[in-house]
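Thanks for coming. Please have a look at the model on the screen, and then I will go through a few places in it.

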Amino acid sequence: MKKALINNNIVIQIEENDFPVAMPLEWVDCSDDCQPGWKIHNNRLVEHTPDELTAMDKDKSETVTRSITVCRDQKLFGGILVDTVSVQTDDLSQQRLMAARIIAKEDPHYVVNWKSENGFVILTSPMIIALADKVRVHVQRCFDAEKTITERHKTSPYPTYEDMKTDFDSYFDTLEK
């Protein structure tokens with residue numbers, strides 16, 4: 001068994017054997033896994049007090065909550081494939097596509113050269129409208145998934161980011177395209 005040097009109820013040093021120290025320092029027996037920074041709580045050495053664990057859980061929960069929005073944005077800006085056209089779905093691309101959709105709705109003969117991830121494609125009015133509608137559905141799926149996963153996290157917090165991400169992706173995949 002090792003010895004922990006204690007100052008103000010906090011471990012400041014670990015040694016194999018104790019040696020004389022001045023007050024308020026004192027030695028106590030400790031387990032082999034004890035590290036500097038551990039504390040005395042209810043006459044026991046602990047890595048974290050219950051209050052610290054509660055605060056850590058709250059911080060972890062808040063981190064996961066923020067990460068849900070990050071997951072949504074990754075999906076949102078990840079682009080989609082519509083037929084053979086790979087479409088960017090970032091905010092600027094959405095704006096451009098919606099502007100083209102407005103014109104396409106007014107002019108059935110409207111045609112554009114649209115730059116997709118896989119090069120330029122010619123889009124007719126019906127194609128522009130269909131593409132814009134698919135992007136809109138994609139964006140809504142991202143927000144629907146964020147809402148559901150956020151509600152689940154409030155009810156039963158995800159222990160890790162990975163658990164939340166897996167659930168987010170699984171739920172997102174179940175949403176109608």
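Where is the place of asparagine 43? Asparagine 43 sits in the loop between β4 and β5. Before I go on, a word on the source: this is a predicted model, in which local features need pLDDT of at least 70, side-chain atom pairs count only at pLDDT 80 or more, and totals for chains, interfaces and linings use all residues. Residues are numbered from 1 along each chain as its sequence is written, and side-chain values use heavy atoms, with hydrogens and water left out. Strands and helices are DSSP runs numbered from the N terminus, helices being H or I with at least four residues and strands E with at least two.

Asparagine 43 is not a glycine, yet its phi is positive, about 65°. Its relative accessibility is 77%, so it counts as exposed; the cut-offs for relative accessible area are under 20% for buried, over 50% for exposed and in between for partly exposed, with a 1.4 Å probe and protein chains only. Asparagine 42 is also in the loop between β4 (39-41) and β5 (44-46). Its phi is near 50°, again a positive value in a residue other than glycine, and at 64% relative accessibility asparagine 42 counts as exposed.

Another loop, between β2 (10-15) and β3 (26-30), holds proline 24. The peptide bond joining methionine 23 and proline 24 is cis, with omega about 10°.

Next, serine 116. Is serine 116 buried or exposed? Serine 116 is buried, because its relative accessible area is 8%. It belongs to strand β8 (residues 111-116). Its side chain makes a polar contact with the side chain of asparagine 118, at 2.5 Å. By polar contact I mean a pair of N or O atoms within 3.5 Å; within protein, one must be able to donate a hydrogen and the other to accept it, and residues adjacent in sequence count only if both atoms are side-chain atoms. A polar atom of the serine 116 side chain also lies 2.8 Å from the backbone oxygen of glycine 119. Leaving out residues up to four places away in sequence, serine 116 touches Val85, Ser86 and Val121, where contact means heavy atoms within 4.5 Å.

Now the helices. Helix α2 (residues 91-106) packs with helix α3 (residues 125-155) at an angle of about 140°, their axes 9 Å apart. Axes are lines fitted to C-alpha atoms, for helices over the stretch in contact, and angles run from 0 to 180 degrees between N-to-C directions. That makes α2 oblique to α3, since under 35 degrees is roughly parallel, over 145 roughly antiparallel, 65 to 115 roughly perpendicular and the rest oblique.

On the α2 side of this contact, the residues include Leu97, Met98 and Arg101, and on the α3 side they include Ile128, Ala132 and Arg136. The contact of α2 with α3 divides into ten nonpolar, two polar and four charged residues. In that count, Ala, Val, Leu, Ile, Met, Phe, Trp, Tyr, Cys and Pro are nonpolar, Asp, Glu, Lys and Arg are charged, and the others, Gly among them, are polar.

Helix α3 also packs with helix α4 (residues 161-174), at about 135° with axes 9 Å apart. That makes α3 oblique to α4. Among the residues that meet here are His138 and Cys142 in α3 and Phe168 and Tyr171 in α4. By class, this contact has seven nonpolar, two polar and six charged residues.

Last, aspartate 91, in helix α2, is partly exposed at a relative accessible area of 43%.
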